[in-house]
Amino acid sequence: METQACPLPLLPLFFSMFLTVYLVAYFIVFRYWSPKIRPEASSCLISLAHGTPAVLLATYSILADSYPDFASPNTEHQNLVLDYSIAYFLMDLLHFIVFNPRDLLFIAHHLATLFVFVTCRYLVSHGAYAILVLLILAEVTSACQNTWTLANARKNDVVFAAKLYGILSAPFYTVYSIVRGLVGPYFVYKMLAFYASGAAKSVIPKWVWISWIAVILMAISVSILWVSNLWAEFYRERTGKLDKKIR
């Protein structure tokens, strides 16, 4: 098992990186976009900077751990990924507080997610395997989702964006539904069974893992509701186009 070294101040470094990416996106990359969608587009760019790298880093940190399980001590690499994700969610939380303070659902989601990451990283220092597997499942669709979101934002005024949105929608919804609706719940079930058995009681307090499970289940439920609404809208759009062709 890899032992933990004295932690370096990576969290401020990662936060500064995401802040820089956001500012570059807002003032340079999307400077000609409408002020209404520039903040969301900038948020997408920092999400792109987080999602796929986090999946790769988390996967490596799990594979590099000799004995990963739901109660194993966090390795140095796993703590690095947790800091990386904490920095991202702090930056995106700041974005919502500044530009969308009424979006209480997303603000609550980010606060709850930060609670899970912070307690795993700095309070119990165990269980990163479980949290990072869920991070991988959550972020594996990040690149596609953010590209889809950017295309959706410009589909009414850019022809290419409309075409890209149409191409990505069905595949994105399908993969997202499988990951969030099937794989995620199955993994959470195994996670719950392990912790409920008392196998981790000496390293992860009961209130901590119960809080983790509650946050994760709420996040999965919101994700399923969100993608269900997207599927309903997709069906309505396709049905409407089919009706126009028949007429």
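Visitor: Why are helix 3 and helix 5 called oblique to each other?
Guide: In this predicted model, helix 3 (residues 76–99) and helix 5 (residues 128–139) pack at an angle of about 50 degrees, with their axes 11 Å apart. Angles under 35 degrees count as roughly parallel, over 145 as roughly antiparallel, 65 to 115 as roughly perpendicular and the rest as oblique, and therefore the two helices are oblique. Their crossing is left-handed.

Visitor: What makes the contact of helix 3 with helix 5, by class?
Guide: Helix 3 brings Gln78, Val81, Leu82, Ser85 and Phe89, while helix 5 brings Ala128, Ile131, Leu132, Leu135 and Glu139, where contact means heavy atoms within 4.5 Å. By class these are seven nonpolar, two polar and one charged residues; Ala, Val, Leu, Ile, Met, Phe, Trp, Tyr, Cys and Pro count as nonpolar, Asp, Glu, Lys and Arg as charged, and the others, Gly among them, as polar.

Visitor: How do you know whether histidine 95 is buried or exposed?
Guide: Histidine 95, placed in helix 3, has a relative accessible area of 3%, and since buried means under 20%, exposed over 50% and partly exposed in between, with a 1.4 Å probe and protein chains only, histidine 95 is buried. Leaving aside residues up to four places away in sequence, histidine 95 touches Tyr22, Pro39, Glu40, Ser43 and Asn100.

Visitor: What are the ground rules behind these values?
Guide: Residues are numbered from 1 along each chain as its sequence is written. Local features need pLDDT of at least 70 and side-chain atom pairs count only at pLDDT 80 or more, whereas totals for chains, interfaces and linings use all residues, and side-chain values use heavy atoms, leaving out hydrogens and water.

Technical notes:
Axes fitted to C-alpha atoms, helices over the stretch in contact; angles between N-to-C directions. Helix = DSSP H or I, 4+ residues; strand = E, 2+ residues; numbered from the N terminus. Left-handed = near helix turned anticlockwise from the far one by under 90°.
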